Amino acid sequence: MRQQIEHQTSLIRRLEADLVQAEIFERASAAARMGVWQCQLPSEQLTWSNGSYDLFGLQRGSEVARSEVLKSYSEESLDRLQRVRSNAIETGSGFALEAEIRPPGVGKRWIRISAAVECRNGEPIRLFGIKQDITEERKLLEGMRYRAEHDAMTGLANRTQFQNRLAEICEPGGPGGALMLIDLDGFKSVNDTLGHAIGDECLVEFARRLSVVCQSAELIARIGGDEFAVLFGPATRLQKIEGIAERLSAAAQEPMNCSGHVFRVGASIGFAFTEGETPTALFTRADRALYAAKAAIGAATFRGSSRQPPD
């Protein structure tokens, strides 16, 4: 009898230790915004830890059906999940995936799913792994990517992003299109007489006007101090480019009101259509057209490359 009591006492202590460890794990995983999950095959029955429930905004311990959980995934993420999951079950290998979910009442989140497959006698019987909230990590990476590709002052694409996109449209078999270069006339005088802070305000306001006029463009970039570039798609024709250049020239000449200072600037514009050449050659043609516009009487005008597709 004594041995039986001691054995039962030992079992109780082990169970208590297991429960304590389980509670510690649940707290740790919740703090890390992650959860453990498993899915029985082929029944698709789910078993989740508390952290997984929290990720999807569901009541802990409630019954969850996979078909309902999948409704929280974005269309693109769901498609990728189904493909990698099917391949993992077929090959018996695991997978890792970052997915966008939008659970009702929770909002948009990004999660990282890590999964392994358990097989018995060569047949998959269980998927299991970890889900982790990586929303803040994604925001940080997206912020870093945005800063790497955009001009801090105007919010337009920067020279790096412009050069990458220019290379894409000029590569063999690329989509082609048109390049427009814009240079502000009289901007140096603004900096010299009113100061660089007013000059910066002027650039921001011109960038806004440029974005309004060139809404149909594929990319709008600031590539230098007062130099801007716009890339148009392959469907853009000469008549449209000329119309945009006219409206942009007029918009640039509208009075600037920066911190109470009212003044005017202008814009000289040059453009060129792709001709199966290198990015450097296309840029050179558009740049020559730009300087031809600057040299014109009165400036604040536009010129196009001599080679242009017919309307």
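Let me start with strands E11 (residues 266-273) and E12, which run parallel and are joined by three bridges. Strands here are DSSP runs of at least two residues, helices of at least four, H or I, numbered from the N terminus. In this pair, Ile269 stands opposite Phe302 of E12.

A word on the source. This is a predicted model, in which local features need pLDDT of at least 70 and side-chain atom pairs count only at pLDDT 80 or more, while totals for chains, interfaces and linings use all residues. Residues are numbered from 1 along each chain as its sequence is written, and side-chain values use heavy atoms, without hydrogens and water.

Now the sheet. E11 and E12 belong to an open, five-stranded sheet with mixed pairing, in the order E7-E8-E6-E11-E12; pairing takes at least two DSSP bridges. Strands E7 (219-222) and E12 (302-304) are at the edges with a single partner strand each, so one side of each has no neighbour in the sheet.

Helix H10 (residues 279-295) lies across E6 (178-185), E11 and E12, at about 145 degrees to E11. Angles run from 0 to 180 degrees between N-to-C directions of axes fitted to C-alpha atoms, for helices over the stretch in contact, and contact means heavy atoms within 4.5 Å.

On confidence, pLDDT from 0 to 100, the chain mean is 87, and 86% of residues reach 70 or more. Where pLDDT is low, the predicted coordinates should not be read in detail.

How values were computed: pLDDT = per-residue confidence, 0-100.
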